[in-house]
Amino acid sequence: AKRRRIAAAIDAMIACYTLGMLVMYVRVVADMCVDAAAAFTDDPQWLDRNRYFGASFLLFFGLTCMRQLSELAASTVAGLITIVYIAVAMIIEYSWFTYKHRTFAHPGVHWAHLNGSVALALPVITVAIGYHYNAPAMYREMEDATPRKFRRAVVAATTLCTGLFLIVGLVGYFTFGPEVDGPTAGGNIVNSYPKKDRLIAVARIALAAHIVCVFPVIAISVRDALHRLSLRVAGQHESAEDGEAMLKAHRSLIVLEAAIVCGAAVTIAIDVPHIGTVVDIIGVLFGLFLVFIAPGLMGLAINGGMWRTSRAAQERLEAVGAFVKPSARRELISLAIAAVGTVALMVGLLSVLGLIRTV
């Protein structure tokens, strides 16, 4: 019973965490469409943000009705292409900045500077590259999956994503300095560029297209977590533990859950003033626990002999990065991961509470 309660709590956290990411995505899509339209027209009809909230629901809903992640392979590749274009466009803009101002960095750039926002750095990272919630489903759907093969894919994907994030982050910071964290940017570097810049206008369209492509990957995770949680509430714990549960669900149920997820994301996004606030909140309240604390505690439980699983379950856990073979070194690493997550959670929570009062 205790294990089932823990599983239900984790499913609820995954649902809240991933729903928060969807809210952020919906808001970015609406903002990018408005700003992109402003580069080509002054017609107020095309500058109405609510128009794009409605359109985004229709786009997101269709893809979120997919049954499993493997059906989104084409849209995921398209999403990668769009984000590469954005990086290239920002590099071109940065090159023009260095030529025009005869300097390679904005005068406001701090090369070594600490302030209260450092407390939110780790939570932001958990949102940027935290995809632990999808790892079991990805492993299950991978062809001829083995722990070693899956780890290679994870390392390659994480390296590529981290490289792109570093390029975009550094280029944006060198171009705008501290303004990237100002009210104009609103948590989105692309907002710092002039509205009439045609190259960036296309980048804004590309960013919106990117989100449309990757939104379903996260939305399916929300849907699956809610589905498992509803099964647990109904007392169907064995069905909730079945990794193929969503594959067996009736299409009408999938459509209903997709409509609820997309509708909730769009409704909340309408009242969100700043996506940076969403990132900070979900990163602190849910991301740190799911990415650091929970895996660390899991490693400690396995090393301490408090958690015994089947061989098949051990293979899946090993594939997604969990320590399944006890050792003193792994126990120390697990303890360090959980401790870092706990400290970051406490410090980040204090920072977020202060942030909420000022929004």
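Tutor: Start with how an angle between helices is taken. Axes are lines fitted to C-alpha atoms, for helices over the stretch in contact, and the angle between N-to-C directions runs from 0 to 180 degrees. Keep in mind that the model is predicted.

Helix α1 covers residues 2–38, and its axis lies 9 Å from that of α2. The two pack at an angle of about 125 degrees. Angles of 65 to 115 degrees would count as roughly perpendicular, and those over 145 as roughly antiparallel. The pair α1 and α2 is therefore oblique. Its crossing is right-handed.

Which residues make this contact? From α1 come Val26, Arg27, Val29, Ala30, Asp31, Cys33, Val34 and Ala37. From α2 come Arg49, Tyr52, Phe53, Ser56 and Phe60. By kind, nine of the contact residues are nonpolar, one is polar and three are charged.

Stay on α2 for a moment. This helix spans residues 49–64, and Leu58 is part of it. Is Leu58 buried or exposed? Its relative accessible area is 61%. The cut-off for exposed is over 50%, so Leu58 counts as exposed. Ala259 is 201 residues away from Leu58 along the chain. In space, their C-alpha atoms are 9.6 Å apart.

Helix α10 takes in residues 251–270, and helix α7 takes in residues 198–233. Their axes come within 10 Å and cross at roughly 115 degrees. The pair α7 and α10 is therefore roughly perpendicular. α7 passes α10 in a right-handed crossing. On the α7 side, the contact uses Phe215, Ala219, Val222, Arg223, Leu226 and His227. On the α10 side, it uses Leu253, Ile254, Glu257, Ala258, Val261, Cys262 and Ala265. Sorted by kind, this contact has 10 nonpolar residues, one polar and two charged.

Next, step back to the whole chain. It has 13 helices and zero strands. Of its 359 residues, 43% count as buried. Now consider contacts between residues at least 6 apart in sequence. Of these, 78% join residues at least 24 apart. The chain exposes about 18700 Å², and carbon and sulfur atoms supply 68% of that area.

Finally, look between helices, at two loop residues. Most residues other than glycine have a negative phi. Arg102 has a positive phi, near 55 degrees, and is not a glycine. Arg102 sits in the loop that joins α3 (73–101) to α4 (121–129). Its relative accessibility is 63%, so Arg102 counts as exposed. Asp144 also has a positive phi, about 50 degrees, without being a glycine. The loop that holds Asp144 runs between α5 (135–141) and α6 (147–176). With a relative accessibility of 62%, Asp144 counts as exposed.

How values were computed. Residues are numbered from 1 along each chain as its sequence is written. This is a predicted model: local features need pLDDT of at least 70, side-chain atom pairs count only at pLDDT 80 or more; totals for chains, interfaces and linings use all residues. Side-chain values use heavy atoms; hydrogens and water are left out. Helices (H or I, at least four residues) and strands (E, at least two) are DSSP runs, numbered from the N terminus. Angles under 35 degrees count as roughly parallel, over 145 as roughly antiparallel, 65 to 115 as roughly perpendicular and the rest as oblique. A crossing is left-handed if the near helix is turned anticlockwise from the far one by less than a right angle, and right-handed if clockwise. Contact means heavy atoms within 4.5 Å. Ala, Val, Leu, Ile, Met, Phe, Trp, Tyr, Cys and Pro count as nonpolar, Asp, Glu, Lys and Arg as charged, and the others, Gly among them, as polar. Buried means under 20% relative accessible area, exposed over 50%, partly exposed in between (1.4 Å probe, protein chains only). Accessible areas come from the Shrake-Rupley method with a 1.4 Å probe; for residues, only the protein chains shown count as cover.
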